[in-house]
Amino acid sequence: MYPNVHVVGHPLVQHKLTLMRRKETPTAEFRRLLREIAMLLAYEVTRDLPLTTEKIETPVAPMQAPVLEGKKLCVISILRAGNGLLDGFLDLIPSARVGHIGLYRDPHTLVPVEYYMKVPQDIGERLTVALDPMLATGHSAVAACQRLRDAGATKLRMVSLLSAPEGLKVFCEAHPDVPIYTAAIDDRLNDHAYIVPGLGDAGDRLYGTK
Ligand code: URA
(Lines give C-alpha, C1' and ligand atoms only; values in the text may rest on other atoms or scores of the structure.)
Protein backbone atom coordinates (compact mmCIF):
# COMPACT_ATOMS: atom_id res chain seq x y z
CA MET A 1 0.00 0.00 0.00
CA TYR A 2 1.13 3.51 -0.79
CA PRO A 3 1.83 5.77 2.20
CA ASN A 4 -0.27 8.63 0.83
CA VAL A 5 -3.45 6.51 0.52
CA HIS A 6 -5.93 6.97 3.38
CA VAL A 7 -8.84 4.52 3.49
CA VAL A 8 -11.71 6.03 5.46
CA GLY A 9 -13.13 2.99 7.23
CA HIS A 10 -15.67 4.84 9.36
CA PRO A 11 -18.74 2.61 9.82
CA LEU A 12 -21.16 5.28 8.59
CA VAL A 13 -19.12 5.70 5.39
CA GLN A 14 -18.97 1.94 4.84
CA HIS A 15 -22.70 1.45 5.44
CA LYS A 16 -23.71 4.30 3.14
CA LEU A 17 -21.32 3.07 0.46
CA THR A 18 -22.97 -0.35 0.53
CA LEU A 19 -26.36 1.29 0.03
CA MET A 20 -24.94 3.20 -2.93
CA ARG A 21 -23.49 0.06 -4.51
CA ARG A 22 -26.83 -1.77 -4.59
CA LYS A 23 -28.14 -1.71 -8.14
CA GLU A 24 -31.72 -1.13 -6.99
CA THR A 25 -30.84 2.10 -5.13
CA PRO A 26 -32.74 4.88 -6.94
CA THR A 27 -31.14 8.05 -8.29
CA ALA A 28 -32.44 10.41 -5.59
CA GLU A 29 -31.23 8.09 -2.83
CA PHE A 30 -27.85 7.60 -4.52
CA ARG A 31 -27.38 11.38 -4.76
CA ARG A 32 -28.36 11.93 -1.14
CA LEU A 33 -26.00 9.18 0.08
CA LEU A 34 -23.08 10.60 -1.91
CA ARG A 35 -23.70 14.03 -0.41
CA GLU A 36 -23.72 12.53 3.09
CA ILE A 37 -20.55 10.50 2.50
CA ALA A 38 -18.90 13.62 1.06
CA MET A 39 -19.41 15.38 4.39
CA LEU A 40 -17.73 12.51 6.22
CA LEU A 41 -14.83 12.46 3.74
CA ALA A 42 -14.52 16.25 4.09
CA TYR A 43 -14.22 15.76 7.84
CA GLU A 44 -11.32 13.35 7.33
CA VAL A 45 -9.51 15.34 4.65
CA THR A 46 -9.56 18.48 6.82
CA ARG A 47 -8.58 16.74 10.04
CA ASP A 48 -5.12 18.36 10.21
CA LEU A 49 -5.97 21.89 9.05
CA PRO A 50 -3.93 24.43 11.02
CA LEU A 51 -5.71 26.47 13.68
CA THR A 52 -4.98 29.81 15.22
CA THR A 53 -6.90 31.60 17.96
CA GLU A 54 -8.88 34.80 18.10
CA LYS A 55 -10.28 36.73 21.02
CA ILE A 56 -14.06 36.41 21.36
CA GLU A 57 -16.56 37.04 24.11
CA THR A 58 -19.03 34.37 25.12
CA PRO A 59 -22.07 35.48 27.13
CA VAL A 60 -20.03 34.52 30.22
CA ALA A 61 -16.40 35.55 29.63
CA PRO A 62 -13.79 36.56 27.07
CA MET A 63 -11.61 33.80 25.69
CA GLN A 64 -9.02 32.97 23.06
CA ALA A 65 -10.96 30.60 20.77
CA PRO A 66 -9.68 28.37 17.92
CA VAL A 67 -10.42 29.31 14.32
CA LEU A 68 -9.06 28.02 11.02
CA GLU A 69 -5.81 29.67 10.02
CA GLY A 70 -5.17 31.18 6.59
CA LYS A 71 -7.29 31.23 3.48
CA LYS A 72 -10.16 28.82 3.19
CA LEU A 73 -10.00 25.72 1.04
CA CYS A 74 -10.46 25.40 -2.64
CA VAL A 75 -12.57 22.43 -3.71
CA ILE A 76 -12.32 21.21 -7.29
CA SER A 77 -15.06 19.18 -8.90
CA ILE A 78 -13.82 16.90 -11.65
CA LEU A 79 -16.90 16.95 -13.90
CA ARG A 80 -19.37 15.60 -13.95
CA ALA A 81 -19.49 13.04 -11.14
CA GLY A 82 -17.32 15.27 -8.91
CA ASN A 83 -20.39 17.48 -8.53
CA GLY A 84 -21.97 14.70 -6.52
CA LEU A 85 -19.29 15.13 -3.85
CA LEU A 86 -19.17 18.92 -4.08
CA ASP A 87 -22.42 19.71 -2.25
CA GLY A 88 -21.46 17.67 0.79
CA PHE A 89 -18.11 19.43 0.97
CA LEU A 90 -19.82 22.82 0.75
CA ASP A 91 -22.34 21.80 3.42
CA LEU A 92 -19.39 21.37 5.78
CA ILE A 93 -17.11 24.13 4.45
CA PRO A 94 -19.50 26.78 3.10
CA SER A 95 -16.83 29.43 2.49
CA ALA A 96 -14.64 27.17 0.37
CA ARG A 97 -13.85 28.42 -3.12
CA VAL A 98 -14.86 26.13 -5.97
CA GLY A 99 -13.23 25.20 -9.26
CA HIS A 100 -14.32 22.86 -12.03
CA ILE A 101 -12.36 20.72 -14.42
CA GLY A 102 -14.06 18.96 -17.29
CA LEU A 103 -12.30 15.92 -18.68
CA TYR A 104 -13.78 13.13 -20.73
CA ARG A 105 -12.28 9.77 -21.42
CA ASP A 106 -11.58 9.18 -25.07
CA PRO A 107 -13.53 5.94 -25.57
CA HIS A 108 -10.76 4.38 -27.66
CA THR A 109 -7.57 5.44 -25.91
CA LEU A 110 -9.14 6.03 -22.44
CA VAL A 111 -6.89 9.11 -22.27
CA PRO A 112 -8.48 12.17 -20.59
CA VAL A 113 -9.23 15.16 -22.81
CA GLU A 114 -9.89 18.60 -21.21
CA TYR A 115 -13.02 20.49 -22.29
CA TYR A 116 -13.44 22.95 -19.40
CA MET A 117 -11.37 24.44 -16.60
CA LYS A 118 -12.07 27.35 -14.25
CA VAL A 119 -10.34 27.62 -10.87
CA PRO A 120 -9.80 30.47 -8.37
CA GLN A 121 -6.88 32.75 -9.24
CA ASP A 122 -5.35 32.47 -5.78
CA ILE A 123 -5.41 28.67 -5.80
CA GLY A 124 -1.73 28.60 -4.79
CA GLU A 125 -2.60 30.07 -1.39
CA ARG A 126 -5.27 27.51 -0.57
CA LEU A 127 -5.36 23.86 0.33
CA THR A 128 -6.87 22.39 -2.84
CA VAL A 129 -9.02 19.27 -2.68
CA ALA A 130 -9.89 17.57 -5.97
CA LEU A 131 -13.08 15.49 -6.03
CA ASP A 132 -13.97 12.53 -8.22
CA PRO A 133 -16.09 9.67 -6.86
CA MET A 134 -14.34 7.00 -8.95
CA LEU A 135 -10.59 6.49 -9.29
CA ALA A 136 -10.66 3.84 -12.02
CA THR A 137 -7.69 3.99 -14.42
CA GLY A 138 -6.44 7.05 -12.50
CA HIS A 139 -5.79 8.94 -15.71
CA SER A 140 -8.43 11.64 -15.11
CA ALA A 141 -7.26 12.26 -11.55
CA VAL A 142 -3.62 12.40 -12.66
CA ALA A 143 -4.47 14.83 -15.47
CA ALA A 144 -6.66 16.98 -13.21
CA CYS A 145 -3.97 17.27 -10.54
CA GLN A 146 -1.38 18.13 -13.19
CA ARG A 147 -3.62 20.92 -14.50
CA LEU A 148 -4.16 22.19 -10.96
CA ARG A 149 -0.40 22.28 -10.44
CA ASP A 150 0.00 24.12 -13.74
CA ALA A 151 -2.58 26.64 -12.47
CA GLY A 152 -0.45 27.20 -9.36
CA ALA A 153 -1.82 24.76 -6.78
CA THR A 154 0.87 23.70 -4.31
CA LYS A 155 -1.04 21.95 -1.52
CA LEU A 156 -3.17 19.28 -3.16
CA ARG A 157 -5.32 16.44 -1.88
CA MET A 158 -7.47 13.98 -3.84
CA VAL A 159 -10.78 12.50 -2.71
CA SER A 160 -12.34 9.51 -4.45
CA LEU A 161 -15.15 7.48 -2.98
CA LEU A 162 -14.08 4.22 -4.64
CA SER A 163 -10.68 3.28 -6.03
CA ALA A 164 -9.28 0.50 -8.17
CA PRO A 165 -5.79 -0.82 -7.35
CA GLU A 166 -4.72 -0.01 -10.92
CA GLY A 167 -5.80 3.62 -10.55
CA LEU A 168 -4.14 4.03 -7.17
CA LYS A 169 -0.86 2.77 -8.61
CA VAL A 170 -1.04 5.19 -11.55
CA PHE A 171 -2.02 8.10 -9.30
CA CYS A 172 0.54 7.48 -6.57
CA GLU A 173 3.35 7.08 -9.09
CA ALA A 174 2.39 10.31 -10.88
CA HIS A 175 1.71 12.37 -7.74
CA PRO A 176 3.50 10.71 -4.82
CA ASP A 177 3.16 13.89 -2.74
CA VAL A 178 -0.64 14.13 -3.05
CA PRO A 179 -2.54 12.40 -0.24
CA ILE A 180 -5.58 10.51 -1.49
CA TYR A 181 -8.67 9.78 0.60
CA THR A 182 -10.93 6.92 -0.43
CA ALA A 183 -13.67 4.87 1.22
CA ALA A 184 -12.73 1.55 -0.39
CA ILE A 185 -10.22 -0.12 -2.68
CA ASP A 186 -12.09 -2.61 -4.86
CA ASP A 187 -10.76 -5.71 -6.64
CA ARG A 188 -9.90 -4.58 -10.16
CA LEU A 189 -10.99 -2.89 -13.37
CA ASN A 190 -12.95 -4.75 -16.02
CA ASP A 191 -12.32 -4.56 -19.78
CA HIS A 192 -14.38 -1.34 -20.00
CA ALA A 193 -12.37 0.31 -17.21
CA TYR A 194 -15.25 -0.01 -14.74
CA ILE A 195 -14.41 -0.74 -11.14
CA VAL A 196 -15.36 -4.28 -10.00
CA PRO A 197 -17.50 -4.74 -7.96
CA GLY A 198 -17.83 -0.94 -7.91
CA LEU A 199 -21.18 0.78 -8.20
CA GLY A 200 -21.55 1.26 -11.95
CA ASP A 201 -21.24 4.61 -13.71
CA ALA A 202 -21.29 7.21 -10.95
CA GLY A 203 -22.43 10.03 -13.25
CA ASP A 204 -25.30 8.01 -14.69
CA ARG A 205 -26.41 6.87 -11.26
CA LEU A 206 -26.23 10.42 -9.88
CA TYR A 207 -28.20 12.03 -12.67
CA GLY A 208 -30.35 9.16 -13.97
CA THR A 209 -28.90 9.35 -17.46
CA LYS A 210 -29.09 5.65 -18.15
N1 URA B 1 -16.26 5.71 -13.66
C2 URA B 1 -17.42 5.31 -13.11
O3 URA B 1 -18.36 6.08 -12.98
N4 URA B 1 -17.50 4.01 -12.70
C5 URA B 1 -16.48 3.15 -12.81
O6 URA B 1 -16.62 2.00 -12.40
C7 URA B 1 -15.28 3.60 -13.39
C8 URA B 1 -15.20 4.89 -13.81
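Author: The discussion below takes up a helix, an arginine, the cysteines and a serine in turn. This is a predicted model, in which local features need pLDDT of at least 70 and side-chain atom pairs count only at pLDDT 80 or more, while totals for chains, interfaces and linings use all residues. Residues are numbered from 1 along each chain as its sequence is written, and side-chain values use heavy atoms, with hydrogens and water left out.

Reader: What span is expected for helix H4, and what span does H4 reach?

Author: Helices (H or I, at least four residues) and strands (E, at least two) are DSSP runs, numbered from the N terminus. The expected span of a helix is 1.5 Å times one less than its number of residues. Helix H4, residues 139-150, has 12 residues and reaches 16 Å from its first C-alpha to its last, close to the 16 Å expected. Glycine 152, which follows H4, has a positive phi near 115 degrees.

Reader: Which residues of H4 are buried?

Author: Buried means under 20% relative accessible area, exposed means over 50%, and partly exposed lies in between (1.4 Å probe, protein chains only). In H4 the buried residues are Ser140, Ala141, Val142, Ala143, Ala144, Cys145 and Leu148.

Reader: What does arginine 97 touch?

Author: Contact means heavy atoms within 4.5 Å. Not counting residues up to four places away in sequence, arginine 97 touches Leu73, Cys74, Val75, Pro120 and Arg126. Arginine 97 lies in strand S5, residues 97-105, and is partly exposed, at a relative accessible area of 40%. A polar atom of the arginine 97 side chain lies 2.9 Å from the backbone oxygen of serine 95.

Reader: How many disulfides does a search of the whole structure find?

Author: A disulfide is a covalent bond between the sulfur atoms of two cysteines. The criterion applied here is a pair of cysteine sulfur atoms within 2.5 Å. The search of the whole structure finds 0 disulfides. For cysteine 74, the closest cysteine sulfur is that of cysteine 145, at 12 Å, too far for a bond. Cysteine 145 is likewise in no disulfide, and its nearest cysteine sulfur, in cysteine 172, is 11 Å away. Cysteine 74 is buried at 0% relative accessibility, and cysteine 145 is buried with a relative accessible area of 0%.

Reader: Is serine 163 buried or exposed?

Author: Serine 163, in strand S9 (residues 156-163), is buried, with a relative accessible area of 0%. Leaving aside neighbours within four places in sequence, serine 163 is in contact with Leu135, Leu168, Thr182, Ala184, Ile185, Asp186 and Ile195.

Methods: A polar contact is a pair of N or O atoms within 3.5 Å; within protein, one must be able to donate a hydrogen and the other to accept it, and residues adjacent in sequence count only if both atoms are side-chain atoms.
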